[in-house]
Every structure is written in structure tokens, then in C-alpha cells.
Amino acid sequence: MLHVGLFDTNSERHLKLCKARSGSSGILEVTVQIIVPIKQVPETSNVKMDPATGTVIRAGVETVVNPLDLYALETALRLKEKYGGSVTVITMGPSPAIKALKEAVAMGCDRAVLVSDRKFGGSDTWATSYTLAQAIRKLGAYDLIIAGERATDGDTAQVGPGIAAWLDIPLATYVAKINKLADGVLTLERLVEEGYQQLSVPLPALLTVVKEIAAPRLPTLRGKKTAKHMEIPVFTSENMPIDPSFLGLKGSPTKVVKIDTPKVTRGGRTALANDDDAVGTAVKQLIGFLHEKGLV
Ligand SMILES: Cc1cc2nc3c(=O)[nH]c(=O)nc-3n(C[C@H](O)[C@H](O)[C@H](O)COP(=O)(O)OP(=O)(O)OC[C@H]3O[C@@H](n4cnc5c(N)ncnc54)[C@H](O)[C@@H]3O)c2cc1C
């Protein structure tokens with residue numbers, strides 16, 4: 001195994017440009033070490049908030065792997081299949097979040113890590129991304145971190161970019177296609193409003209991916225057996241290098257001042273139309289209504 005890399009001792013940052021192994025042909029083949037942060041979220045899209053604390057009510061709600069994280073997992077597994085390497089899945093959450101990790105292992109991930117401590121409770125996206133970044137540092141060298149586009153409960157899409165900022169590595173969001181990995185550089189396409197933006201990103205880097213990148217696979221029976229017997233290490237505030245003032249609710253700069261559920265106060269107006277004549281009448285009615293309100 002040959003590791004090609006560059007170590008900047010001044011910043012103590014591992015600028016690993018490429019990790020390669022020598023195949024039987026003697027030709028260097030690239031391998032990628034990938035980390036996928038996933039979040040366990042309530043199964044329902046109808047997330048309820050505690051008005052007193054401003055946090056999500058999780059008690060008594062079935063949980064699943066954040067559906068958008070399945071695309072990150074699939075992307076990582078395909079890269080591993082193409083280039084060799086490993087996929088490590090990581091989540092920060094209470095101990096039941098192990099269920100999400102085991103599902104990812106059943107899909108084909110090689111390693112899983114739970115980041116869990118009472119002190120992490122109440123973290124906002126800043127503290128969450130800090131804690132996850134420190135856990136990733138503890139894991140050691142990596143080439144790629146692939147996160148979901150956003151979580152279906154918190155919905156901020158901040159944690160992936162936050163991790164990249166804490167680790168000081170390049171970031172590409174809304175990645176829709178990966179074209180090539182060569183010489184430590186990933187060429188990819190980002191989904192942007194006007195179409196697709198092509199980028200070359202030096203590794204190590206963090207990507208957040210959108211749905212169109214790949215259709216997630218189902219867990220396999222073999223994967224489920226592996227997951228069942230896998231020991232999952234727990235990273236806590238005691239066994240990670242971590243600044244205690246950056247943790248949990250106390251370390252979170254975001255304060256939820258008030259939570260309001262918007263009330264629908266307007267009844268709306270409906271014009272039913274089942275055939276061509278009725279469509280004409282309905283359109284006239286709606287235009288009349290807009291004139292009446294002074295809107296056109
Ligand atoms: C003041 C405040 C207090 C809060 N208190 C709590 C609390 O007590 N308990 C609680 O659970 N939440 C709490 N939250 C919400 C919590 O901050 C967010 O759920 C969390 O930071 C993730 O943000 P998000 O859901 O918007 O994820 P996004 O940023 O939308 O997620 C994007 C991607 O980041 C990754 N990711 C996100 N979260 C995690 C994670 N935990 N582990 C691994 N990968 C992840 C996934 O790949 C995901 O697809 C609080 C938020 C605030 C503002």
C-alpha cells in the first residue's frame with residue numbers, strides 16, 4: 001500500500017492529495033476513505049416543536065434515517081465500489097440513533113460511530129457541526145465527507161457546510177453528479193438555478209448531495225447480519241478533543257426566542273370547472289374576483 005500525500009506541519013493540516021495502492025499491474029489505483037454523517041429524524045414530516053424550549057419533540061415518535069442522507073450513503077458506496085476504500089457512517093444523537101447507523105451498515109458501510117453525550121443535548125447547527133468535526137478529526141485521515149442536502153426535521157442545510165468550515169476543507173453543495181476522481185481532484189456537477197455548474201475540488205473535501213445523484217439501494221440480508229453483530233464505538237465529551245464551552249444548549253449561539261404555528265385565516269375561493277365551457281366561466285369569475293379586490 002502506497003500513500004501519496006503532503007503534510008503541512010505548520011498548520012498541522014493533513015493536505016492529503018491522493019491515496020493510492022499498487023495493483024497487480026503495478027499501476028497506481030486510487031482508493032477513497034469516505035465519511036458520511038447521517039441524522040436520525042422523526043418518521044413523520046409533521047415535526048412538532050416544544051414551545052417552551054424551542055426544540056423538536058422527539059419522544060414517542062418513530063425515527064428513520066434522514067431520507068436525504070440515503071443519497072449520500074449511496075454516493076459513498078458507489079465511489080467505494082469504483083475506487084476501493086471504505087465508508088464510515090457517523091451520527092450525533094442519543095443512543096437509539098444506533099438504529100440509523102445499523103441501517104447504513106446493512107446498506108454496505110464498513111464502520112459506524114455514534115457521537116453521544118448528555119452534554120451534546122440542545123446543540124444548534126453550529127455546536128452540532130463543531131462536535132461532528134471533532135469526531136471526524138478523531139477518526140483520522142479521510143478523503144471525502146458526503147452529507148445529505150438537509151435534514152427533514154431541522155431543515156437548515158447548515159450542518160454539512162458547518163463541518164467543512166470547522167475542518168477548513170473545500171465544500172461543494174447540491175452535488176448532482178460525480179464525473180471523475182484523479183490525482184486527488186474530484187470533478188463534479190452542482191445543481192444550480194440556471195442548470196449545472198462544473199467544479200474541480202481538491203481532496204479532502206466535503207460534498208452535500210441532491211436526490212438526482214443516485215437511487216439509494218436497499219439493505220441486504222448479509223448487511224443486516226453484519227450490522228447486528230457490529231460493535232459501534234461511542235465518542236463522548238470525555239474521549240474526544242473538544243472545547244466544553246462549544247457544546248450543547250449552553251454552547252449554542254442560536255437562541256429560539258419564540259415558536260409560532262402559522263394560522264390559516266383565509267377561506268379561499270374555488271371555481272369548479274369540469275368541461276371547456278365551465279373553464280371559460282371559471283376564469284371569468286376569477287378575473288372578476290381579482291378586479292373586485294383591486295389586484296389586477
Ligand atoms: C437552540 C437550538 C436548540 C436545539 N436543541 C436540540 C436538541 O435538544 N436536540 C436535537 O436533536 N436537536 C436540537 N436542535 C436542532 C439541531 O441543532 C439540529 O437538528 C441539528 O443541528 C441539525 O440541523 P438540521 O436538522 O437543520 O440539519 P441539516 O443541516 O439540514 O442537515 C444537513 C446534513 O447534515 C448532516 N447532519 C445533520 N445533523 C446531524 C447529526 N446530528 N449527526 C450526523 N449528521 C448530521 C446530515 O448529513 C444532514 O443531511 C436545536 C436547534 C437549536 C437552534
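Reader: What share of the residues of the chain count as buried?

Author: A residue is buried if 20 or more other C-beta atoms, placed from the backbone, lie within 10 Å of its own, exposed if 12 or fewer do, and partly exposed in between. By that rule 35% of the 296 residues of the chain count as buried. This is a predicted model, in which local features need pLDDT of at least 70 and side-chain atom pairs count only at pLDDT 80 or more, while totals for chains, interfaces and linings use all residues. Residues are numbered from 1 along each chain as its sequence is written.

Reader: How many helices and strands does the chain have?

Author: Helices (H or I, at least four residues) and strands (E, at least two) are DSSP runs, numbered from the N terminus, and the chain has six helices and 16 strands.

Reader: Which residues in helix 1 are buried?

Author: An α-helix has 3.6 residues a turn, so residues three or four places apart point the same way. In helix 1 the buried residues include Asp-69, Leu-73, Leu-77 and Leu-79, and the helix is followed by Gly-84, whose phi is positive, near 80°.

Reader: Which residues come nearest to the ligand?

Author: A residue is near a molecule if its C-beta atom, placed from the backbone, lies within 6 Å of it. Of the 37 residues around the ligand, Pro-37, Gly-148, Gly-154, Thr-156 and Val-159 come nearest. Among the elements that give two or more residues to this shell are helix 1 (69-83) and strand 11 (144-148), whereas helix 3 gives the largest share, three residues.
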